[in-house]
Amino acid sequence: MRSFVDRHIGPNKEEIGEMLGQLGLNSLEELVKKTIPSSIIDKEPLDVSKAMTEYEYLKEVKAIAGKNKVFRSFIGLGYYDTITPAPIQRNIFENPGWYTQYTPYQAEISQGRLEALLNFQTMVSDLTGLPIANASLLDEGTAAAEAMSMFFSARNKRKVEANEFFVDQHVFPQTLSVLQTRAEPLGIKITVGDWKTFTPDEHVFGAIVQYPNAEGHIEDYSSFMDKVQSAGGYVTVAADLLSLTLLTSPSELGADAAIGNTQRFGVPLGFGGPHAAYFATSEKHKRQIPGRIIGVSVDSDNNAALRMALQTREQHIRREKATSNICTAQALLAIMAGMYAVYHGPTGLKNIAREIAAKATGLAQMLKKYNWKIKHGHFFDTISIVVPESQMAFIREGAKKAGFNFLYEKGKVTISLDEKTTLEELDTILSIFDIPENMGQLADPAIPSTLRRKSHYLSHPVFHQHQTETQLMRYIKSLENKDLSLVHSMIPLGSCTMKLNAASELIPVSWDNIAGVHPFVPDDQVKGYTKIIDQLARDLCAITGFAACSFQPNSGAQGEFAGLLAIRDYHRDRNEEHRNVTLIPSSAHGTNPASAVMAGMKVVIVKCDDRGNIDLDDLKEKAGEHAHDLSALMVTYPSTHGVFEESIKEVCQVIHEHGGLVYMDGANMNAQVGLTNPGSIGADVCHLNLHKTFAIPHGGGGPGMGPICVNKKLAGHLPGHRFLSGKKRDQYAVASSPFSSASILLISYGYVKMLGASGLKKCTEIAILNANYIRHRLSSHYDILYVGENGFCAHEFILDLRAYKSAGIGAEDVAKRLIDYGFHAPTLSFPVAGTLMIEPTESEDIGELNRFCEAMIAIREEIDEVARGEYPAESNVLVNAPHNIDVVTRDSWTYPYSREKAAFPLPWLKTTHKFWPAVRRVDNAYGDRSLVCTCPPIESYQES
């Protein structure tokens with residue numbers, strides 16, 4: 001049986017030999033020695049298990065997953081069982097045409113997912129009543145913390161005058177934990193209390209309330225909002241989105257922002273994730289809203305086109321002044337949730353909500369009939385039942401026997417119903433409470449008349465036109481066809497590692513005993529998950545050379561934040577709380593300085609030299625200057641310039657000598673695994689982008705996972721969670737659930753298990769080989785900006801296009817022209833403006849690498865044609881790119897080059913690999929000047 005490593009890696013033995021020959025090398029070992037400093041090359045093989053075949057792995061993981069007990073969970077707290085419509089599961093969730101896409105920076109080949117995300121934003125905006133919504137955040141706790149940070153900045157524009165944030169006592173407990181973690185480094189004081197008795201003053205900049213609250217109670221917060229806003233503060237409502245089909249919207253109550261989870265819109269529980277949080281606010285805050293916003297613009301032919309709007313807010317530009325460190329979001333899950341609304345429409349959603357609410361009311365009435373006290377008279381899906389301690393064990397035992405999970409707290413049991421709740425389950429619940437009767441007739445929802453929704457929502461045609469499976473299937477396919485993904489061609493994005501996401505790794509994520517588990521169930525119900533998580537933690541520690549691991553960060557940026565919090569906690573434990581300076585190289589990923597500021601750090605930038613390496617003299621000078629307050633260095637290795645810096649051990653030593661610790665950004669771990677590791681290099685903590693190195697799909701902009709691995713000195717300073725047992729219960733939390741997006745950990749678990757030690761090492765070697773092969777082929781046509789001591793790059797390299805500005809051609813023109821050749825552009829203008837950063841990964845074979853090289857060489861000739869004056873600088877195939885089928889098939893052709901040159905510049909494009917963009921070049925400035933981030937009226941498309 002063929003091994004998984006041969007399925008995952010693109011080049012075969014002969015192709016590897018051919019590429020090595022082109023580079024003048026005899027073996028992969030020689031390539032490694034030429035690329036990586038000898039002082040850090042690992043001599044010992046990785047201590048991970050032997051490789052499995054795909055069949056062996058799926059058989060084993062099925063047995064492990066079988067150890068999970070899938071009870072019916074009525075725990076609630078923002079997580080509810082749901083029915084994923086089969087056409088959404090099959091055509092989106094399990095479809096590589098959707099899950100292998102990247103964040104839609106190249107709008108022309110991303111119109112499908114941009115439209116799907118615009119639907120999500122429209123759904124959120126309509127249901128909350130707020131005009132600006134983003135395209136998802138990581139989880140509800142993170143969304144709440146982002147609202148707090150946004151309003152802290154809005155209230156304290158020049159200096160801090162108000163630093164108190166009020167949290168109602170019935171906000172979800174995990175949300176409170178994340179708020180407390182995020183508040184402390186920023187000097188924000190969290191006050192927890194009863195909104196009905198709290199009196200805001202000039203020190204209060206904001207407040208958050210839950211709607212309905214954690215006990216299920218529906219309350220009218222409008223008077224409270226008036227009080228907070230009169231005192232100069234802002235109010236955030238954490239709202240159940242499904243309940244808003246029946247309840248007055250947060251906007252109508254007077255909210256400044258609304259946040260929450262969209263999980264119950266068809267996204268599986270997955271032991272905590274991944275799920276798409278939402279964030280909506282008023283026009284006033286559109287330039288401060290965190291995360292990504294999809295907006296409406298026009299293309300060069302003035303046709304309607306979509307794009308990511310207001311990108312100047314992002315970390316690559318704003319760095320330590322960014323509004324947020326959010327980079328990865330939850331795009332794939334937002335697309336699923338938005339499509340759930342498209343499929344059901346407003347009437348369908350309201351019917352689902354009414355049925356849940358009616359069942360909750362009926363259950364409450366039956367319990368009251370038999371003298372059980374219900375805490376609140378108004379609720380949506382959740383009822384809190386007063387239970388004396390003397391009867392609590394009886395209820396627990398009955399629920400356990402029935403295979404039901406309730407939420408147990410002192411003196412009460414809380415039960416949250418969901419879309420899957422049946423009358424038979426309600427009868428079982430009644431029997432658990434020793435009620436001899438079955439459910440009678442369902443009652444009207446227990447919603448106060450003053451809070452019943454009267455305003456309309458989801459009126460756009462998209463929420464009314466696709467409600468048969470045929471209609472939905474065709475709509476989903478029409479969007480998919482507009483987007484370039486890994487099913488079409490290589491996506492050579494530097495620093496993004498767009499490798500194969502193998503089907504065998506992904507299959508278990510859909511299994512019921514993986515997807516159907518609530519994040520807050522007792523430990524004895526998740527023995528399968530526990531085994532997988534513990535084993536993956538052990539393997540990642542072996543790969544990184546570290547001692548302990550936390551899976552709580554659910555993105556790379558959250559991993560940065562968590563790693564810095566661990567360092568901060570370490571210094572505080574040693575009574576060195578004053579250590580708050582973080583050194584960051586000028587070449588660093590933009591999220592590094594943004595995360596440092598979030599962690600309460602002062603950012604000091606370290607220069608890079610002419611070869612792209614950290615300037616050692618400048619580092620030593622700044623480490624010495626800030627020795628008393630030095631907390632950390634944030635360093636990416638290999639560097640964001642695609643080079644293994646020879647001085648990395650000395651860099652780490654300098655920081656340690658001055659009392660600081662080293663945080664290593666794991667964005668480029670695909671060049672380290674099995675060859676070297678952060679621990680042996682001298683780092684103290686690193687995060688791993690499992691959605692890069694360890695094969696979790698990018699999903700068009702999420703999900704992701706950013707676990708952190710640490711050495712022994714930091715092991716006691718990792719995040720915890722109130723729903724974990726032991727000491728970890730009292731530690732700070734950075735995510736809403738204990739293991740954040742737990743279900744997708746199986747993808748990385750499978751990646752490691754099926755590759756084994758030798759396969760993991762070979763992946764790294766081939767990633768480096770593929771990058772150097774392309775570098776070598778293109779080096780006689782373009783300038784390569786940085787290479788290592790021996791002339792080799794790591795797993796990526798930078799192509800310098802700045803010289804062509806004199807001919808009127810920029811890096812963006814080359815990026816857009818690549819679309820005509822059927823390729824997604826490499827990373828544009830990062831980390832150096834006017835360049836392309838290329839990373840092919842190990843999954844691409846020599847045929848695909850050659851096609852890409854041929855395209856880039858042909859483009860260089862097209863640049864030269866312009867430089868020679870053969871085509872005008874203002875009208876040529878580059879500045880007019882991309883060319884869609886509409887322009888190529890028009891009756892009139894006004895360009896100075898042929899249609900064939902525009903659309904089929906190389907022979908193989910006529911037979912294979914041709915991808916037609918849906919639109920021409922998108923006008924970015926237009927979209928920002930006239931920001932529209934909900935579905936525009938259908939007439940506007942017709943007019944365009």
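Student: How much space lies in the second largest cavity?
Tutor: This is a predicted model, where local features need pLDDT of at least 70, side-chain atom pairs count only at pLDDT 80 or more, and totals for chains, interfaces and linings use all residues. Residues are numbered from 1 along each chain as its sequence is written, and side-chain values use heavy atoms, leaving out hydrogens and water. A cavity is a set of points on a 1 Å grid over the protein atoms alone where a 1.4 Å probe fits but cannot get out; its volume is the space filled by probe spheres set on the points, which are joined across faces, edges and corners. The space in the second largest cavity is about 120 Å³.

Student: Which residues are closest to its centre?
Tutor: Lining residues have an atom within 4 Å of a point. The second largest cavity has 21 of them, and the closest to its centre are Tyr79, Asp139, Glu140, Gly272 and Ser736.

Student: What is the volume of the largest cavity?
Tutor: Eight cavities of 30 Å³ or more are counted. The largest has a volume of about 180 Å³.

Student: Which strands each supply at least two residues of its lining?
Tutor: The largest cavity is lined by 23 residues, with Gly78, Tyr80, Phe172, Asp240 and Arg264 nearest its centre. Strands are DSSP E runs of at least two residues, helices are H or I runs of at least four, and both are numbered from the N terminus. The suppliers are strand 5 (204-211), strand 6 (234-239) and strand 7 (257-261).

Student: Why is helix 26 called oblique to helix 27?
Tutor: Helix 26 (residues 811-820) and helix 27 (residues 846-867) have axes 10 Å apart. Axes are lines fitted to C-alpha atoms over the stretch in contact, and angles run from 0 to 180 degrees between N-to-C directions. Under 35 degrees is roughly parallel, over 145 roughly antiparallel, 65 to 115 roughly perpendicular, and the rest oblique. The pair counts as oblique because its packing angle is about 125°.

Student: Which residues of helix 27 make the contact with helix 26?
Tutor: Contact means heavy atoms within 4.5 Å. Helix 26 brings Val814, Arg817 and Leu818. Helix 27 brings Phe852, Ala855, Met856, Ile859, Glu862 and Ile863.

Student: Where is Pro274 found?
Tutor: A cis peptide bond joins Gly273 and Pro274, with omega about 10°. Pro274 is in the loop between strand 7 and strand 8 (277-281).

Student: What is the phi of Asn302?
Tutor: Asn302 sits in the loop between strand 9 (293-298) and strand 10 (304-309). Asn302 is not a glycine, yet its phi is positive, at about 70°.

Methods. On a 1 Å grid over the protein atoms alone, a cavity is a set of points where a 1.4 Å probe fits but cannot get out, and a pocket is an open set with protein on both sides within 12 Å along at least five of seven lines; lining residues have an atom within 4 Å of a point.
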